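User: I would like to understand the words used to describe this structure. Please set each one against its definition.

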Amino acid sequence: MKVGVIGVGNLGMALAKKACKNAEVVAVKRKVVEVEGVEVTDRIEDVGDCDVILVALKPDVFRMELERIGRVAGEKPVVSFAAGVKLDEMRRHIKIPFRAMTNIATSLIAYWPAETFQHISFLDTEFIECSNEGELDIMTAYLGSSPSILAYLMHTFILSAIRDGVDYAKSLKVAVSAFKATAELYDRLGLEGVLKKIATPAGTTIEGVIRVSEAQRALIEALSATSSKARVI
Ligand SMILES: NC(=O)c1ccc[n+]([C@@H]2O[C@H](COP(=O)([O-])OP(=O)(O)OC[C@H]3O[C@@H](n4cnc5c(N)ncnc54)[C@H](OP(=O)(O)O)[C@@H]3O)[C@@H](O)[C@H]2O)c1
């Protein structure tokens, strides 16, 4: 299988590195760099013989290059990871367009429509199918942008530990461990299960739990501001 990746920056590079584990990869950017296992070129035309073309360009650049990409792709599927560029916009120049979203960890990929999966399943990661294109747009916030938003929450956790007298290195280690443990425990037990097993009646945990509502409100505002922008960018 041969895969083209157009736009090899933060996200495109992560996708190209993932793709090259299972496919031959031709990656396009204007300033060519050396990447192990990936052929990098500055000519969009070089992805013409690929079986599938992934696009990770900024939305404005993708819109400028739509016609050229459509010409090069011909009857080949084009899967866009760009924020906001709708399938209807892509269809003006691209015959077989699809959309997907992930973040630079590429550990989970959301896609729409359902047929997208057959063109990206080689990426060997977890996948979720969106219910419609609007939900895919929302994934730009919850999947694409969320690591940089949640990193601030982690950093706040670290600042608090430092204020309580723990040094930076230990605070960082504890924060990473606590966030990983939370994801695993929440997935396994749900909120109620976590609360039942950790918050002892009249204990220490409940003192913190009853004070997190402001942080919840701030997180909802941060994520919904991001998803609102993702719908219109
Ligand atoms: N970064 C993330 O975590 C993330 C997460 C989810 C979705 N996304 C989406 O992914 C897209 C790219 O974001 P990004 O953060 O990866 O941006 P980025 O780091 O700026 O990457 C874009 C790349 O496109 C290349 N490029 C620019 N013009 C080009 C052209 N005409 N032809 C070929 N290559 C060109 C640039 O390299 P040269 O300057 O060498 O050409 C640049 O490295 C956006 O639509 C964004 O919404 C990003």
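Analyst: The protein has eight helices and eight strands. Both are DSSP runs numbered from the N terminus: helices are H or I over at least four residues, strands are E over at least two. This is a predicted model, in which local features need pLDDT of at least 70 and side-chain atom pairs count only at pLDDT 80 or more, while totals for chains, interfaces and linings use all residues. Residues are numbered from 1 along each chain as its sequence is written.

User: What does the C-alpha trace of the protein span along its principal axes?

Analyst: The span is about 65 × 35 × 30 Å. Of the 233 residues in the protein, 30% are buried. A residue is called buried if 20 or more other C-beta atoms, placed from the backbone, lie within 10 Å of its own; 12 or fewer make it exposed, and anything in between is partly exposed.

User: How do you know whether Ala202 is buried or exposed?

Analyst: The count for Ala202 is 7 other C-beta atoms within 10 Å, so Ala202 is exposed. Ala202 also has a positive phi, about 60°, without being a glycine. Its place is the loop between helix 6 (168-198) and helix 7 (205-209).

User: What makes Lys180 count as buried or exposed?

Analyst: Lys180 has 10 C-beta neighbours inside 10 Å, so Lys180 counts as exposed. Lys180 belongs to helix 6. Its C-alpha atom is separated by 24 Å from that of Lys17, which is 163 residues away along the chain.

User: What makes helix 1 largely enclosed by the rest of the structure?

Analyst: Helix 1 (residues 10-19) has 10 residues and seven of them are buried, so the rest of the structure largely encloses it. Those seven are Leu11, Gly12, Met13, Leu15, Ala16, Lys18 and Ala19. Strand 1, strand 2 and strand 4 (52-55) are among the elements that cover them.

User: How many residues of strand 1 are buried?

Analyst: Four of the five residues of strand 1 (residues 2-6) are buried, and the strand is mostly covered.

User: How do you know which strands pair?

Analyst: Two strands count as paired if DSSP finds at least two bridges between them. Strand 1 and strand 2 (residues 24-28) have five bridges, in the parallel sense.

User: Why is helix 5 called oblique to helix 8?

Analyst: The axes of helix 5 (residues 133-163) and helix 8 (residues 213-232) come within 8 Å and cross at roughly 130°. That angle makes helix 5 oblique to helix 8. Angles under 35 degrees are roughly parallel, over 145 roughly antiparallel, 65 to 115 roughly perpendicular, and the rest oblique. Axes are lines fitted to C-alpha atoms, for helices over the stretch in contact, and angles between N-to-C directions run from 0 to 180 degrees.

User: Which residues of helix 5 and helix 8 meet?

Analyst: On helix 5 they are Asp137, Ile138, Thr140, Ala141, Tyr142, Ser145, Ser146 and Ile149; on helix 8 they are Ala222, Leu223, Thr226, Ser227, Ala230 and Arg231. By class, this contact has seven nonpolar, five polar and two charged residues. Residues are in contact if their C-beta atoms, placed from the backbone, lie within 7 Å. Ala, Val, Leu, Ile, Met, Phe, Trp, Tyr, Cys and Pro count as nonpolar, Asp, Glu, Lys and Arg as charged, and the others, Gly among them, as polar.

User: Where is Pro113 found?

Analyst: Pro113 lies in the loop between strand 7 (108-112) and helix 4 (117-120). The peptide bond from Trp112 to Pro113 is cis, with omega near -5°.

Notes
Contact = placed C-beta atoms within 7 Å.
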